[in-house]
Amino acid sequence: MRMTLDDLKASFSLMGSWEERYGLIIDLGRQLEPLPQDAYVEANKVRGCMSQVWMISQTQPDGRIVIRGDSDAHIVKGLIAVLLMVYSGKTP
């Protein structure tokens, strides 16, 4: 089962320290599906980040947008996972 934003909020509320929350974010990033090798191009790179970040999206036939991403930094990759919880699979 995939973690939802509500699950994340509940988990954060039970954790006592920022280190535990930080660890959970990193674990979420580790669970991201890898991008295809051809996605690591300049056109998919997020500009302005201190880390290397790539994001791609695809519109489904029903109008939902599926977003995927990756980063070379563990915490940023986890933050991408949180972003995908909020936006991926939704309609514009």
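Me: What pattern does the protein follow when read along the sequence?

Reply: Keep in mind that this is a predicted model. The protein has three helices and two strands. Read along the sequence, they give the pattern α-α-β-β-α.

Me: How do tryptophan 18 and tyrosine 22 pair, stacked, tilted or edge-to-face?

Reply: A search of the whole structure turns up two aromatic pairs, and this is one of them. The ring centres of tryptophan 18 and tyrosine 22 are 6.0 Å apart, with 85° between the planes. Planes over 60 degrees apart go into one class, so the pair counts as edge-to-face.

Me: Why are tryptophan 18 and tyrosine 22 separated by about one helical turn?

Reply: Tryptophan 18 is exposed at 57% relative accessibility, and tyrosine 22 is partly exposed at 40%. Both sit in helix 2, residues 18-30.

Me: Which parts does the pair of tyrosine 40 and tryptophan 54 tie together?

Reply: The rings of tyrosine 40 and tryptophan 54 have centres 4.9 Å apart and planes at 75°, so this pair is edge-to-face. The two residues are 14 apart in sequence. Tyrosine 40 and tryptophan 54 therefore tie together the loop between helix 2 and strand 1, and strand 1 (53-59) itself.

Me: Which ring does the charged end of arginine 21 sit over?

Reply: Look for the ring centre 5.9 Å from the charged end of arginine 21. That ring belongs to phenylalanine 12.

Me: Are helix 2 and helix 3 roughly parallel or roughly perpendicular?

Reply: Two packed helices are described by the angle and the distance between their axes. Here the axes of helix 2 and helix 3 (residues 74-87) come within 7 Å and cross at roughly 75°. Angles of 65 to 115 degrees share one class, so helix 2 and helix 3 are roughly perpendicular.

Me: How many residues of the contact of helix 2 with helix 3 are nonpolar?

Reply: Helix 2 contributes residues including Tyr22, Ile25 and Ile26, while Leu79, Val82 and Met85 are among those from helix 3. Three residues of the contact are polar and one is charged. The nonpolar ones number nine.

Methods. Residues numbered from 1 in each chain as written. Predicted model: local features only at pLDDT ≥ 70, side-chain atom pairs only at ≥ 80, totals over all residues. Heavy atoms only, no water. Phe/Tyr/Trp six-rings, centres within 6.5 Å; stacked < 30°, edge-to-face > 60°. Helix = DSSP H or I, 4+ residues; strand = E, 2+ residues; numbered from the N terminus. Buried < 20%, exposed > 50% of the residue type's maximum accessible area, 1.4 Å probe, protein only. Lys NZ or Arg CZ within 6 Å of the ring centre and 35° of its normal. Axes fitted to C-alpha atoms, helices over the stretch in contact; angles between N-to-C directions. Parallel < 35°, antiparallel > 145°, perpendicular 65-115°, else oblique. Contact = heavy atoms within 4.5 Å. Nonpolar A, V, L, I, M, F, W, Y, C, P; charged D, E, K, R; others polar.
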